[in-house]
Amino acid sequence: MEITFDKNEKTQGVIKISVNKADFQPGVDQKIKEYSKTANIKGFRQGKVPPGMIRKMYGSALIVEEINKLVSDKLNAYLRESDTQFLGEPLPLESDKQFDWENDEQFEFNYEIGFAEPFEVKVDKKVKLDKHSIKVDDKVIDETIENLQRQFGQMENPDTSSEKDTLYGSIKSKDGSVDQEVSIDLRDVEKGALKKLTGVKVGTEVEVDPKKSFKNENVLKNQLRMDDDEYKKLKKLTFTVQAINHYKLAPIDQELFDKTFGKGTIKDEAGFRDRVKEIVSQNYKGEEEKFFDHQVREKLTESAKINLPDEFLKKWLIRTNENITPELMELEYTSYAKELKWSLIRNQIVKNQDIKVEHEDVINEAKALIKQQFAGSGMGDQMNDQLDTFANNYLQGENGENYMKVFNQVQSQKVLDYIKSEITVKEKAVSLDEFRKL
């Protein structure tokens, strides 16, 4: 039994497995013996069926079964033990040749497969990145308090829009490539577009330039589920207003203080602003860290110059996922490729730096995630006594998938922490608006 790998392209190749009769015949003969002892065939006592009759009745099926087992075992062992970084799973190549299972002496099976070429990841002081911290000034505090006023205020549906309303409606392109429902918060809109969208009624059609209308293009891009390249190709769109939401702000008084931080915790507006600033500063620290992690991943993914077998991966993903169409694949593939490249980089750093994730690390991360989730409902501190139980139950769920999900999160963070300790990081304070544009 032989297995070879031919690299017919830069990142794609064909695995060939050749099976001879001498490879599978002993296994087939053994199965025939076992069947003859247990088979229940009319005219013969159980255990006395001649092997020749078993071979005549089941020979072809047993040959196919044995060959499939041998090929599968050989292929899996080769993928597992090879130094090549294979991607996806082997796809059988169809052949015009029809096998004669009982008379052929040799069978050959071909599988298409993709792989990643060796690449280098440079993590040293020559890699330079700015780490942005948000300046929590009066403007940020005022904006946060206004959000709280909106949250605890009353929502109305006026006939005509005003500057801080949220508009819902359909947005379309002339060529029909864009046609879906979106929401537009007018606080996210640039001045030029704001004039067009203020003072309009339900049913009004407004021309929107996707590249010039928003303070942050992600506002619309994410709703349209587009990548950067697709979004840049967009021309002017038509937005039809279908609903207007207006928030009547709650007054800044004791009732707002109590609803936000608990009854009697805050006594006056000055104390309210101080507490808001404290909370906002804590929250933005998390946002700053997440964004910096994103920058680190982007920087290393770009610098590593990893070539992927794009066409093979698209074919494999479509063939193995019934919900993915070729059209959806074209929309989603760029994001998938970025994640795959980061995974390859992460695995290489884990191997080179001998980064380990202990079971205790996974438990602690699960507890932190659960505590964070409960904190969002105001129950964080009340759950401390039950955190171990919650964490264990979660990690044992979904047949181990939850455990691996948290394991990978911990491993990724350890890799990111290592990278950040090795590269040159320059702290840079920015306004909230500047941070949003980043």
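Predicted model: local features only at pLDDT ≥ 70, side-chain atom pairs only at ≥ 80, totals over all residues.
Trainee: Is L300 buried or exposed?
Mentor: L300 counts as buried, because its relative accessibility is 1% and the cut-off for buried is under 20%.

Trainee: And which residues is L300 in contact with, leaving aside its neighbours within four places in sequence?
Mentor: Those are V121, V123, I345, I349 and I419. Take I419: L300 and I419 are 119 residues apart in sequence, yet their C-alpha atoms are 9.4 Å apart in space.

Trainee: How far apart are the end C-alpha atoms of α10?
Mentor: They are 39 Å apart. Helix α10 runs over residues 326-353, and at 1.5 Å a residue its 28 residues should span 40 Å, so the two values agree.

Trainee: Where is the kink in α10 centred?
Mentor: On E332, with an angle of about 50°. Look just after α10 as well: D354 takes a positive phi of about 55° there.

Trainee: New topic: salt bridges. How many are there in the count?
Mentor: The count comes to 32 salt bridges. As background, side chains of opposite charge can pair when their charged atoms come close.

Trainee: Can you show me one? Which residue does E289 form a salt bridge with?
Mentor: E289 pairs with K131, and their closest N and O atoms are 2.9 Å apart. E289 lies in helix α8 and K131 in strand β5 (residues 128-134), so this pair ties together parts that are 158 residues apart in sequence.

Trainee: Is K131 buried or exposed?
Mentor: K131 is buried, with a relative accessible area of 17%.

Trainee: Which residues are linked with K131 and E289 in a network of salt bridges?
Mentor: D293, D417 and K420 are linked with them in that network.

Trainee: What about D433? Which side chain does D433 meet in a salt bridge?
Mentor: That would be K139, at 2.6 Å from N to O. D433 lies in helix α14 (residues 432-437) and K139 in helix α3 (residues 138-151), so the pair ties together parts that are 294 residues apart in sequence. D433 is partly exposed at 32%, while K139 counts as exposed at 52%.

Trainee: Last topic, the surface! Which residues form the nonpolar patch?
Mentor: Y35, F44, M53, M57 and Y58 form it, with about 420 Å² of accessible area together. Helix α2 (residues 51-81) gives the largest share, three residues.

Trainee: Where does F44 lie?
Mentor: F44 lies in the loop between α1 (21-38) and α2. F44 counts as partly exposed, at 31% relative accessibility.

Definitions and conventions:
Residues numbered from 1 in each chain as written. Heavy atoms only, no water. Buried < 20%, exposed > 50% of the residue type's maximum accessible area, 1.4 Å probe, protein only. Contact = heavy atoms within 4.5 Å. Patch = residues over 30% accessible without salt bridge, like charges linked within 9 Å, V, L, I, M, F, W, Y side chains within 5 Å. Areas by Shrake-Rupley, 256 points an atom, 1.4 Å probe, with all protein chains shown as cover. Salt bridge = Lys/Arg side-chain N within 4 Å of Asp/Glu carboxyl O. Helix = DSSP H or I, 4+ residues; strand = E, 2+ residues; numbered from the N terminus. Expected span 1.5 Å × (residues − 1). Bend = angle between axes of the 7 residues up to and from the residue.
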